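Here is a quick walk through one model, written for reading next to the viewer. Have the sequence and the 3D view open as you go.

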Amino acid sequence: MIPVMEFRQFSEQQPAFRVLKPWWDVFTDYLSVIMLMIGVFGCTLQVMQDKIICLPQRISSPSENSSDVEVKSLLHLQSNISVAPREMTGLKTDLDLQQYSFINQMCYEKALHWYAKYFPYLVLIHTLVFMVCSNFWFKFPGSSSKIEHFISMLGKCFDSPWTTRALSEVSGENPEEKDHKKSGTSRSNIALSPGEGSLEKTQSLRSIPEKIVVDKPSASVLDKKEGEQAKALFEKVKKFRLHVEEGDILYLMYVRQTVFKVFKFLLIIAYNSSLVNKVRNRVRCEVEIQDMTGYKDFECNHTMAHLFSKLSYCYLCLVAVYGLTSLYTSYWLFYRSLKEYSFEYVRQETGINDIPDVKNDFAFMLHMIDQYDPLYSKRFAVFLSEVSENKLKQLNLNHEWTAEKLRQRLQTNTNNRLELQLFMLPGLPDTVFELTELQSLKLEIINNVTIPASISQLEDLQELSLYQCSLKLHTTATSFLKENLKVLRVKFDDNRELPNWMYGLRNLEELYLTGSLSPDASKNIVFESLREMKCLKTLSLKSNLTKIPQSIVDVSSHLQRLYLHNDGTKLVMLNNLKKMSNLIELELVRCDLERIPHAIFSLTNLQELDLKENNLRSIEEIISFQHLRKLTCLKLWYNGIMYIPEHIKKLGSLERLYFSHNKIEILPSHLFLCNKLRYLDLSNNDIRFIPPEIGVLQSLQYFSVTCNKIENLPDELFFCKKLKTLKLGKNSLSILSPKISYLALLTYLDLKGNHFEVLPQELGCCRALKRSGLIVEETLFETLPSDVRDQMKAE
């Protein structure tokens, strides 16, 4: 016979799945085991014992009277006594054992009711169906995979040290809030783990990031490995939630199997109730086997009828209880909204207010978990909280980026400030605020940056750079930056990402904004007023503006430097520039300007003007620059300028002039009447000839004509004895005059890319010129005398 344990495969599931079995499923499982035992017991009896015992029934003929029968019986009895006085008495049937076996089998098949015959098998089949149905959603491929993942994550979340840590921290009351409460309300605190024994009181989860530097013992509770494991759990839970909330297959599978069990319960009760009385002890049997046995009618006894009758009533009672439990399950399924799950009670109990509600299969599994133990949902909810996740990331970040490690990354920037640059981190380490010597903080591509109140420890901080970072400030941090920040750099993708607190930095001196705007927004762009920035002196906007925003005009009274860098978008309506009378530097780069804007000529205090990468072809308006008495630097590089007008001579105050990367072919002699020029860049043009009037520029220190078509150099060039940098590369020069020796201060000479065959030995007179400053082919350098070469190689 098959052992009962062999049937476990129909109901067996992983032990961990028990958390998804509410009390009614456990109860019905036990009922199924009892019903299974009834079925197995009945089947065992059917196999091991005789099923039915039959005896022939003798029927007298109608013609034979009763007296004759009695006489014949008496005579027969007397004769038997006389012959064999000790022989047993009874009715003789003249049937052998084989005939009785045949009769029993025929009557069992023909006369016995089918319910009495197959009752134990029906019990066994129905019970197996119940057992399979109850656990089908654990086996079905579409649902079992989700359940396995969920149970796996649930166990890890439940046992994670981070869960205990988070719930312990929020169980305590925030000391700051306690002082503001009028009436104290007591809240029980979860016991601290041994590693947290030094903390007198835990903090709320939201307040921890601001105090992590102070509460170092708290940070040591989780080691790095545990932190990484918890971080991986957050990612798994997030992805699992997105996947499971898309469908409701688990809910539908459970509803269907419950409805099926109710239907089967009704079916079993209906037909068993009507057929249970068919199980009888005595059965009359009439089969046409008279020619083989001599009898037609038989009286049979169903040997197990009494036991089967009792078992059937017991089975009906068990099925009734099973069915009522299934009806209760159906009521629970349809009465409650199981496709939505709210963590409201968890939010109220733990204080973690950002735990989201869930839906569909995710919600259904959590409802099932609550029937097992609500503590599972509470601990699991920690890994749905963004605040909890950020807190964990912050803790891992602090472990990875210690103050010593950050101090090794300190460098001096271009403004001669001690700077710390952090790139693509998951957050801002709290250990940054331990670097009290920090003067400049540069954050690049870091999301969810929160500046806590502890930034006030950085008393020397004056410069802050935010490149594609989403930043939140604590109230105390905002006040600190308003008073101390001098330089702010912000790089954004949308002007809506500009921080609102930026407009209140009243002591800010330099503001650099970089970011692209949508075409529609750039037409009517309006920054919030910069009026509160009373100390703002430098403003840089790298965007795609079509006009100068009014907010810039608000600071025109004290603005000294304005840098507008477009992406090629045409900048029109420049009349607002006239109001910026205090500007000393102006850059209009890549603004698609075709002419020099007339508004510039009103800026009488202007000292530097940069019109790089525009579409300037003619600069006849340059004559108006004579009104700008303080203009010392003019940059007209990277345009399409064909010639330099003679009016250039009127710009007598110019000291630096940039004409590189244009299409200039002829240099007018009037250019060299700007005798204050110290820096002259004419590289990357089509110049063929340098006028001898260049010798007038006695203050010239930098002269570049690289990438032109010059064939000869005037001797007057070497009269510019203050030259330190001379760039003559990539021309058509073949001879370098020995008068090069006049340039005693020369430190950089570029001759590469010409047609020189030999270098004059007079280069040795240029005592300041070293080999690193002489840009020339190695073969050409070897033409110099050895003593000159040695002199240049000597450092």
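## Leucine 410

You'll find leucine 410 in the loop that links helix 19 (403–407) to strand 6 (411–412). Helices (H or I, at least four residues) and strands (E, at least two) are DSSP runs, numbered from the N terminus.

What does leucine 410 touch, leaving aside its neighbours within four places in sequence? The list is Leu418, Glu419, Leu420, Leu435, Glu437 and Leu438, where contact means heavy atoms within 4.5 Å. Take glutamate 437: it sits 27 residues from leucine 410 in sequence, and the two C-alpha atoms are 9.8 Å apart in space.

## Ground rules

This is a predicted model, with local features needing pLDDT of at least 70 and side-chain atom pairs counting only at pLDDT 80 or more, while totals for chains, interfaces and linings use all residues. Residues are numbered from 1 along each chain as its sequence is written, and side-chain values use heavy atoms, with hydrogens and water left out.

## The whole chain

The protein chain carries 24 helices and 24 strands. Of its 795 residues, 49% are buried. Among contacts in the chain with a separation of 6 or more, 55% are between residues 24 or more positions apart.

## Nonpolar cores

A nonpolar core here is a set of buried Ala, Val, Leu, Ile, Met, Phe, Trp, Tyr and Cys residues joined through side-chain atoms within 4.5 Å. The largest one has 127 residues, and Phe625 and Phe703 touch the most other members.

Now for an open sheet of 3 strands, antiparallel and in the order 1-3-2; two strands pair if DSSP finds at least two bridges between them. Strand 1 (52–56) and strand 2 (282–286) are at the edges with a single partner strand each, so one side of each has no neighbour in the sheet. On average, neighbouring strands are turned by 30° against each other, direction ignored.

Strand 2 and strand 3 (residues 297–302) pair over 5 bridges, and valine 283 stands opposite cysteine 300 in strand 3. Helix 3 (residues 97–110) lies across strand 1, strand 2 and strand 3, at about 115° to strand 1. Axes are lines fitted to C-alpha atoms, for helices over the stretch in contact, and angles run from 0 to 180 degrees between N-to-C directions.

Technical notes: Buried means under 20% relative accessible area, exposed over 50%, partly exposed in between (1.4 Å probe, protein chains only).
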